[in-house]
Amino acid sequence: MGRKIDRTGEERVNNFGSKMMIKEYRNRRDIDIYFPEYNWTSKHAQYNQFKNGKIKCPYEPRYFCKGYLGEGKYKCRENG
């Protein structure tokens, strides 16, 4: 068996330009990612998604560079 790699504290920028860092690294399939700009943590993500910048924060302005979806049972469309 190989030795365990501790990637806690590693930082990257996602595809939307937000800074993200690994808050807790349990294994490559279970990490918690912290977005310091929005004070939000994504739980149980995968390291390859983090490495490729595919982790999204629900508070990032994605819609016309101003709107965001947030958390909860919200929809971005209604009736198609």
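This is a predicted model: local features need pLDDT of at least 70, side-chain atom pairs count only at pLDDT 80 or more; totals for chains, interfaces and linings use all residues.
Local features need pLDDT of at least 70 and side-chain atom pairs pLDDT 80 or more, while totals for chains, interfaces and linings use all residues. Residues are numbered from 1 along each chain as its sequence is written, and side-chain values use heavy atoms, with hydrogens and water left out.

Visitor: Which strand holds Asp 32?
Guide: Strands here are DSSP runs of E, at least two residues, numbered from the N terminus. The run at residues 30-35 includes Asp 32. That run is strand S3.

Visitor: Is Asp 32 buried or exposed?
Guide: Buried means under 20% relative accessible area, exposed over 50%, partly exposed in between (1.4 Å probe, protein chains only). Asp 32 has 7%, so it counts as buried.

Visitor: Which side chain makes a polar contact with the side chain of Asp 32?
Guide: A polar contact is a pair of N or O atoms within 3.5 Å; within protein, one must be able to donate a hydrogen and the other to accept it, and residues adjacent in sequence count only if both atoms are side-chain atoms. For Asp 32 the distance is 2.8 Å. The partner is Arg 26.

Visitor: How many bridges pair S2 and S3?
Guide: Two strands pair if DSSP finds at least two bridges between them. S2 and S3 are joined by a hairpin through two residues. The antiparallel pairing of S2 and S3 has five bridges.

Visitor: Which residue takes a positive phi in the hairpin of S1 and S2?
Guide: S1 (residues 11-13) runs antiparallel to S2 (residues 19-27). Five residues lie between the strands. The phi is near 90° at Gly 17.

Definitions and conventions: Helices (H or I, at least four residues) and strands (E, at least two) are DSSP runs, numbered from the N terminus.
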